[in-house]
Amino acid sequence: MNSKQEILIKFGERVREIRKEKELSQEELAHKADLHRTYIGMIERAEKNITLINIEKIANALEVSIKTLLE
């Protein structure tokens, strides 16, 4: 596995972890972030290379900092 795939996997796992801690479904998170539910699923499964703009949308929807998502 190369480092590009690794960071996508780690980021997706972190989004899923925080989403579940906040007891949100993918659909609820997508709505709060103004993104499509399938896009959230693709991020969590490391199938999508996410943009900084969408990282910020997800962080805001989860009410965490971008730094927290990247930890």
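By class, 6 nonpolar, 1 polar and 1 charged residues make up the lining of the largest pocket. The model described here is a predicted one. The pocket holds about 160 Å³ of space. Its lining consists of Lys4, Ile7, Leu8, Phe11, Asn49, Ile50, Ile55 and Leu70. Helix α1 gives the most to this lining, with 4 residues.

**The nonpolar core**

The largest nonpolar core has 19 residues. Those with the most contacts inside this core are Phe11, Val15, Ile43, Ile50, Ile58, Leu62 and Leu69. Two or more residues each come from α1 (3-21), α2 (26-33), α3 (37-44) and α4 (52-62). The largest share, 5 residues, is that of α4. In soluble globular proteins, nonpolar side chains tend to be buried together.

Phenylalanine 11 belongs to helix α1 and is among the core residues with the most contacts. Phe11 is also part of the pocket lining. Its relative accessible area is 8%, which is under 20%, so phenylalanine 11 counts as buried. Beyond its neighbours within four places in sequence, phenylalanine 11 is in contact with Ile43, Ile50, Ile55, Leu69 and Leu70. Among these, Ile50, Ile55 and Leu70 also line the largest pocket. Phenylalanine 11 and glutamate 63 are separated by 52 residues in sequence and by 16 Å in space, C-alpha to C-alpha.

Isoleucine 43 has contacts with Leu8, Phe11, Gly12, Val15, Lys48, Ile50 and Ile58, when residues up to four places away in sequence are not counted.

**Helix α3 and its surroundings**

Within α3, Tyr39, Ile40, Gly41, Ile43 and Glu44 are buried. The buried residues of this helix pack against α1, α2 and α4. After α3 comes alanine 46, which has a positive phi, near 60°.

**Buried polar and charged side chains**

| Residue | Relative accessible area |
|---|---|
| Arginine 19 | 7% |
| Phenylalanine 11 | 8% |
| Arginine 14 | 17% |
| Glutamine 26 | 18% |

Why does arginine 14 count as buried? Its relative accessible area is 17%, and buried means under 20%, so arginine 14 falls within that class. Glutamine 26, at 18%, is buried because its value is also under 20%.

Arginine 14 is located in helix α1. Its side chain makes a polar contact of 3.0 Å with the side chain of glutamate 17.

Arginine 19 is another residue of helix α1. With neighbours within four places in sequence left aside, arginine 19 is in contact with Leu24, Ser25, Gln26, Leu29, Glu44 and Leu62.

Conventions:
Residues are numbered from 1 along each chain as its sequence is written. This is a predicted model: local features need pLDDT of at least 70, side-chain atom pairs count only at pLDDT 80 or more; totals for chains, interfaces and linings use all residues. Side-chain values use heavy atoms; hydrogens and water are left out. A nonpolar core is a set of buried Ala, Val, Leu, Ile, Met, Phe, Trp, Tyr and Cys residues joined through side-chain atoms within 4.5 Å. Buried means under 20% relative accessible area, exposed over 50%, partly exposed in between (1.4 Å probe, protein chains only). Contact means heavy atoms within 4.5 Å. A polar contact is a pair of N or O atoms within 3.5 Å; within protein, one must be able to donate a hydrogen and the other to accept it, and residues adjacent in sequence count only if both atoms are side-chain atoms. On a 1 Å grid over the protein atoms alone, a cavity is a set of points where a 1.4 Å probe fits but cannot get out, and a pocket is an open set with protein on both sides within 12 Å along at least five of seven lines; lining residues have an atom within 4 Å of a point. Grid points are joined across faces, edges and corners, and a volume is the space filled by probe spheres set on the points. Ala, Val, Leu, Ile, Met, Phe, Trp, Tyr, Cys and Pro count as nonpolar, Asp, Glu, Lys and Arg as charged, and the others, Gly among them, as polar.
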